[in-house]
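Have the sequence and the 3D view open as you go.

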Protein chains: 2
Amino acid sequence: MSKILRVNMNDLSHKWESVPSEHAHLAGRAFTTHYVNSEVDPMCHPLRAHNKVVISPGLLAGTLAPSSGRLSVGAKSPLTGGIKEANAGGLTATRLAKIGLRGIVIEGAPSGDDWYSILLGKDSCEILKTNDYAGIGLYDLIGKIWKKYDSKPGIIGCGIAGQRLLRGAGIFGNNIENSDPGRYAGRGGLGAVLGSKRIVTIISDDSEGSRPEPKQKEKFEQGRKALVEALNKHPVTGKLNNDEGKPFGGLKNYGTNILQNILNEAGGLPTLGFSSGRFKDAAKISGEAVHDLVDRTKKKFGDKSEGRYAHSCHPGCIMACSNAVPYEETGKLHVSPLEYESAWALGANLGVGKLYDVAELNRLCNDLGLDTIEAGNTIAMFMEGGIIPYGDGTAAIKLLKKAYDSKSVDGKLVCSGTKIAGETLGVTRIPVVKGQALPAYDPRPIRGIGVTYATTTMGADHTAGYTIAAEILGIKGEVTDPRKMEKADLSRAFQATTAYIDSSGYCLFIAFCILDDDSGFAGMKDTFDGFIGHEYDVTEYGLKVLKNEREFNRNAGFTKEDDRLPEFFHTEPLPPHNVTFDVSDEELDKVFEGM
Amino acid sequence: MSKILRVNMNDLSHKWESVPSEHAHLAGRAFTTHYVNSEVDPMCHPLRAHNKVVISPGLLAGTLAPSSGRLSVGAKSPLTGGIKEANAGGLTATRLAKIGLRGIVIEGAPSGDDWYSILLGKDSCEILKTNDYAGIGLYDLIGKIWKKYDSKPGIIGCGIAGQRLLRGAGIFGNNIENSDPGRYAGRGGLGAVLGSKRIVTIISDDSEGSRPEPKQKEKFEQGRKALVEALNKHPVTGKLNNDEGKPFGGLKNYGTNILQNILNEAGGLPTLGFSSGRFKDAAKISGEAVHDLVDRTKKKFGDKSEGRYAHSCHPGCIMACSNAVPYEETGKLHVSPLEYESAWALGANLGVGKLYDVAELNRLCNDLGLDTIEAGNTIAMFMEGGIIPYGDGTAAIKLLKKAYDSKSVDGKLVCSGTKIAGETLGVTRIPVVKGQALPAYDPRPIRGIGVTYATTTMGADHTAGYTIAAEILGIKGEVTDPRKMEKADLSRAFQATTAYIDSSGYCLFIAFCILDDDSGFAGMKDTFDGFIGHEYDVTEYGLKVLKNEREFNRNAGFTKEDDRLPEFFHTEPLPPHNVTFDVSDEELDKVFEGM
């Protein structure tokens, strides 16, 4: 039977609660959203004692359902001022599920200057004083923990940025096969919320745990098989081999960064601080370029090259899209993964076309505990504001390194998010919604994603309703015209389905296959329903989560005026197609009309 | 007949408009608020072409009514995101009134990197390219203009901070007797809005103008006499002499900084970043200390000392409360004025108890074009965030000087306002409402002013509804208990009357006398009504202005959740009286219920 752990950082106490039967279906995002909306004062200061950090493995984490080990973290966001759910792969969701934890609610904040870690096992919770974990880079920190505990624990936490309460801070998780901080519940500044509780890490050991059992085993197993099959045969997520016997699936070969050239081709790759839709050096930082680099180092160093086309980001993921970038000279691991959105944020968006620089910036973000999307956009503000030049990767690296120095104002600003940095530096082209920076898809030529950016409860976020799947990649062989302006229905459908998937523990990338393949969709639903022993309508379930989130935001003072893109998207045409974002406010308000 | 000047910075054109008869009663704040609310898109970016700067002399500016030469500036605020009116003394209101200008509406923004000035005379407007006016300190700039034009023109504009679009920037005006930038329409970042229009100065010459004539001369004259008499006999504003023949009025002897010791005594002087209500060195930076310094230098240097107990901040002001602080060693002018709120922000609030340091910080703010209240609170964030130590005036001066360097991130941050600086530096005790920093009265022991801070359309602002007059100084000999929590009616009454006064051109300090003395009140009203030739109810007129402002804010997305003080005022008791701000949300919402 699943339990909830409640940690009170005011007095360093904890208690166990059983999951109320009416909440048995809540997991992942549905769980974090429910607890944040029910228990957190929407008007509280996000970085003081009244905020809470809520953590929950997706419903199917730890089971044999494929690619279902995502972890959700929720809180009031210090970046947006609204509710936030961020999720990631890594080990922790699986570990928590196997020790029977449906969720963790962390409340209060200790007085004093000590730093703490929470050590979790089957029926055990210790709150340890770990001052030696604070103030150091995350590669060192995870290496230290990885050595200390031989159970390959799940590790999540916050880095230097979060410990200093800076709003660009994400919550890191460790990669599953090494001690790298490569898995990020990155967005919304949740690392700073954890930092405000003075928690550096949460370490989970499932060696005495067991696999969660579905209520309806047959249904679950039937769904699992269907979904595995659908994922494996899909060209984006699949494991098909090509003529040379190499893996053919787009994600497996090139990772998410296969999108760099595709978006560039579409004229929707935000370049030089959202001033163009095409980057001359896109190919150099693309998934294909990483693939070539891996090929070169493999040839040179053989098995000693630590570059890889792909590996799983969490146990049981069969899509395995996470790449690993080696150093050209040594073949040693430089950074893993280098996702599309990170390579875009730290590359095209800055006019930086050297793969090494982009990988190094990403490694620094991982080490400092920063969301790469927010950090890349923030560095762009330093460029737009004339502090360092566009295109200068070396200057960007130097700037980011200042963040290690606790007295450097530059260093703090570069960790503080795009809005704050842009405003400080006199920039008026600041790409944020609800205070959160836009990701790697310009909304001017691709309107549906703009509708998602504007209307999601989360602040600008592609993962909240990834209409790119329909507008660029196509569903069932058909592409929805990205210029079309009637996108309220499309965005709502994606947002609702996403809220369901974010609760299930499934990786959002199953969407490619469930949208194209009815048996994939049925597989997803059967595993979910089979596990819980009850039928849920996907859209209805998702909309309920969104409704909860909108309620929180409304009580925090959000109105429809917050569901808008910045002015410049309406007034500055984006080359090369020279289009603006022309979706009407009425269309935007249609997305959640009455909700 | 009064006119309106409309300047279009897109193409550097201008045109004259007559004042529509239905708007004949609009002047000062009523004028700026009306035009901002009617013409500015509440959702526009405050520092891009769609915002407008609206300037208007108060209704009675240029007339013989006493102390009636205040100038209002309005726009959408880049600091609060809402509507803003800031007003100041100086020469410009009188100059504009005498050349027959009821208001100026500046719209658009030029492309290119040039800087402009607007030169105004009777029926003339030139838009000059003045690149040599930009990027320099305001003492130098005004000195330059003062030399060039021998008509003693009114000069307003923005300094380096505004030119760089930084949100702590105010709109300066020149003092009336020298070339100092001592008059500030300081709050809300309006200097940055002017900077975004690429306007450095607006220079007005009334040598061919004439005094505006009241419609009902007798009524006006009767009111004028009554108000002059009431002001002159009031102990705060009066010109009574004491036994030694020295001026006795509190303001004339000590300036507004007479309040430093009074608020300290009341335990309501925010100290060390709003962590205490009492400052051990308050006396050293008080109005009395400035008075002593002036005495000492007069003794030493005679007429060569440029320190003065008081002078008028605008032509025809008989309250004459503006002081002038000399250098101890030379008797030369250091800064003028040193208002209470500035001495508090740059003194007690920082734990800085050296009068020289406080005066120097104020001089730097004046030179850079910064609002002192916002700047002082911002420096406090650097102290609270551990970048420089509390109490270190030398470090604060060094920090502020970095603002001259266009590449200094520290320098930009210190000009960017309290909220941005606090968030960047990981501070969670940030004293702002609607993004604007709190002034010199802690709302925990003095609840009415807290109600004003929370509910005014302006962001935290003591001048929006100065309940201190009732809660600390007393009206008609009676003090309203500052701890009382039912302050909605008190705050609303003050806010409405203030909106009327801010429209009249009268200095807010007439409030001391009009509240205490019915003939003073009648005098105010008779001059207003006599000038316009129509009877207006003071409260009704004021509430209409406030209603307009609330409409703008509502359309910009503001809700009652914006009418709140920061969390820490509710949770951290303020020494020495150890009280929190306990006014209920319901009481706050009562202030403008239904509006």
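## One chain, then the pair

Of the 595 residues of chain A, 68% count as buried. Keep in mind that this is a predicted model.

What is chain A built from? It has 23 helices and 17 strands. Its C-alpha trace spans about 55 × 55 × 55 Å along the principal axes. If you look at contacts in chain A between residues at least 6 apart in sequence, 70% of them join residues at least 24 apart.

The accessible surface of chain A comes to about 19,300 Å², and carbon and sulfur atoms account for 49% of that.

| Side chains in chain A | Count |
|---|---|
| Positive | 69 side chains |
| Negative | 75 side chains |

The centres of these two sets lie 3 Å apart.

Next, bring in chain B. In general, two copies of a chain are related by a rotation about an axis and a shift along it. Here, a rotation of 180 degrees with 0.0 Å of shift along its axis puts chain B onto chain A, with an RMSD of 0.0 Å. That is the relation of a two-fold axis.

Which residue of chain B comes closest to the rotation axis? That's B:Ile420, with its C-alpha at 3.0 Å.

And how do the copies meet? They do so through the same surface, because 100% of the interface residues of chain B are also interface residues in chain A.

How values were computed:
Residues numbered from 1 in each chain as written. Chains lettered and ligands numbered in written order. Predicted model: local features only at pLDDT ≥ 70, side-chain atom pairs only at ≥ 80, totals over all residues. Heavy atoms only, no water. Helix = DSSP H or I, 4+ residues; strand = E, 2+ residues; numbered from the N terminus. Buried < 20%, exposed > 50% of the residue type's maximum accessible area, 1.4 Å probe, protein only. Contact = heavy atoms within 4.5 Å. Areas by Shrake-Rupley, 256 points an atom, 1.4 Å probe, with all protein chains shown as cover. Lys, Arg positive; Asp, Glu negative; His and termini not counted. Charge placed at Lys NZ, Arg CZ, Asp CG, Glu CD. Least-squares fit on C-alpha atoms with pLDDT ≥ 70 in both.
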